[in-house]
Amino acid sequence: MRKKLWIALCLLLFWSGQAQPPANSAWQGKRVGYIGDSITDPNCCPGVKLYWEFLAEWLQITPFVTAVSGREWNDVPHQGQQLLEAHPGEVDAILVFLGTNDFNAGVPLGVWFTETKEEVMAATGEPQQLYLRTKRTPVMSDSTFRGRINLGLSFLKSHFPEKQIVLLTPIHRAYAKFSDNNVQPDEHYQNKCGAYIDDYVQAVKEAANVWSVPVIDLNALSGLNPMIEEHLPLFRDPGFDRLHPNTKGHERIARTLYYQLLALPCLF
């Protein structure tokens with residue numbers, strides 16, 4: 001009976017934020033690069049404890065943060081280059097948390113590949129010969145979302161070939177007004193190219209198979225949804241910023257990441 005009470009007390013303390021997760025992860029003490037936008041940028045929301053700060057505390061992760069507010073997926077090669085130059089040979093793994101600004105900017109979704117007809121030598125039990133077959137080629141383009149992901153992951157995969165690279169999907173987003181020139185409707189509205197935030201989330205999830213990288217679906221798993229009024233205490237300001245999580249919201253992201261990362265190796 002005492003043992004059951006003790007377990008119940010530990011669980012209560014953990015979920016109330018008074019106890020940190022047990023440090024038994026393969027990510028313990030590792031050095032992790034964080035590529036992203038304002039949700040990851042340490043200079044964006046003063047006074048807010050960010051998700052990677054919780055992970056640093058719980059797992060003694062050394063964070064290398066290159067994230068900058070407002071950045072989109074086309075900034076991945078630049079931030080990746082920053083990691084290379086500032087921390088040569090030091091990075092164990094990289095987390096990429098981007099996409100919400102691509103949606104807000106109305107970046108067209110695009111396609112992963114273009115297709116052409118080409119001759120190729122092949123043999124399946126008979127003497128080799130030329131066949132006319134359809135060939136697909138990855139789209140490397142700044143002008144579409146999928147093209148940007150191709151460019152970004154091509155850079156990371158070629159410059160960090162032995163490192164773990166994990167993608168995080170954008171979280172749900174609601175109304176935000178940062179100035180008269182920066183007003184962002186909630187996610188019930190399409191962007192200017194006629195797409196919903198869900199379409200960008202889906203593209204990031206598709207990248208898992210295109211590039212053989214794990215994806216943690218924070219859009220689904222974090223539980224954060226500022227479209228629900230009762231969830232606004234997890235966001236920065238109900239009046240003008242229902243886009244950025246506050247400390248409680250970031251802790252929820254961090255706890256989600258902690259348990260998802262348990263299933264992934266950090267080193268190979």
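Is Y258 buried or exposed? Y258 is buried, at a relative accessible area of 1%, where buried stands for under 20% relative accessible area, exposed for over 50% and partly exposed for values in between (1.4 Å probe, protein chains only).

The legends below describe a predicted model, in which local features need pLDDT of at least 70 and side-chain atom pairs count only at pLDDT 80 or more, whereas totals for chains, interfaces and linings use all residues. Residues are numbered from 1 along each chain as its sequence is written, and side-chain values use heavy atoms, with hydrogens and water left out.

**View 1**
A search of the whole structure finds 8 aromatic pairs; rings of Phe, Tyr and Trp (its six-membered ring) pair if their centres lie within 6.5 Å, and planes under 30 degrees apart count as stacked, over 60 as edge-to-face and the rest as tilted. A pair of aromatic rings is described by the distance of the centres and the angle of the planes. Y258 and Y259 form an edge-to-face pair, with 5.0 Å between the centres and 75 degrees between the planes. Y258 is buried at 1%, whereas Y259 is partly exposed, with a relative accessible area of 37%.

Helices (H or I, at least four residues) and strands (E, at least two) are DSSP runs, numbered from the N terminus. Y34 counts as buried, at 0% relative accessibility, and Y51 is buried as well, with a relative accessible area of 1%. Ring pairs join Y34, Y51, W52 and F97 into a cluster.

**View 1. Arginine side chains over aromatic rings.**
A charge sits over a ring if NZ of Lys or CZ of Arg is within 6 Å of the ring centre and within 35 degrees of the ring normal. The charged end of R133 sits over the ring of Y131, at 5.0 Å from the ring centre. The ring of F113 lies under the charged end of R136, with a distance of 4.1 Å to the ring centre.

Strands of a sheet pair through backbone hydrogen bonds, either parallel or antiparallel. Here 5 strands form an open sheet in the order 2-1-3-6-9, with parallel pairing; two strands pair if DSSP finds at least two bridges between them. Strand 2 (62-65) and strand 9 are the edge strands, each pairing on one side only. Strand 3 (residues 93-97) runs parallel to strand 6 and is joined to strand 6 by 5 bridges, with V166 as the bridge partner of L95. Strand 9 (residues 215-216) pairs with strand 6 in the parallel sense over 2 bridges. L167 has V215 as its bridge partner in strand 9, and L168 stands opposite I216.

**View 2. The two faces of strand 6.**
In a regular strand the side chains alternate between the two faces of the sheet. In strand 6 (residues 164-168), 5 of the 5 residues are buried. Q164, V166 and L168 point one way, while I165 and L167 point the other way.

N219 lies in helix 7 (residues 218-221) and is buried, with a relative accessible area of 15%. A polar contact is a pair of N or O atoms within 3.5 Å; within protein, one must be able to donate a hydrogen and the other to accept it, and residues adjacent in sequence count only if both atoms are side-chain atoms. A polar atom of the N219 side chain lies 3.1 Å from the backbone oxygen of P170, and the side chains of N219 and H172 are joined by a polar contact of 3.3 Å. Leaving aside residues up to four places away in sequence, N219 touches T169, P170, I171, H172 and V201, contact being heavy atoms within 4.5 Å.

**View 3. The cysteines C44 and C45.**
A disulfide is a pair of cysteine sulfur atoms within 2.5 Å, and by this rule the count comes to 0 disulfides. The closest cysteine sulfur to that of C45 belongs to C44, at 3.3 Å, which is too far for a bond. C45 is buried, with a relative accessible area of 7%.
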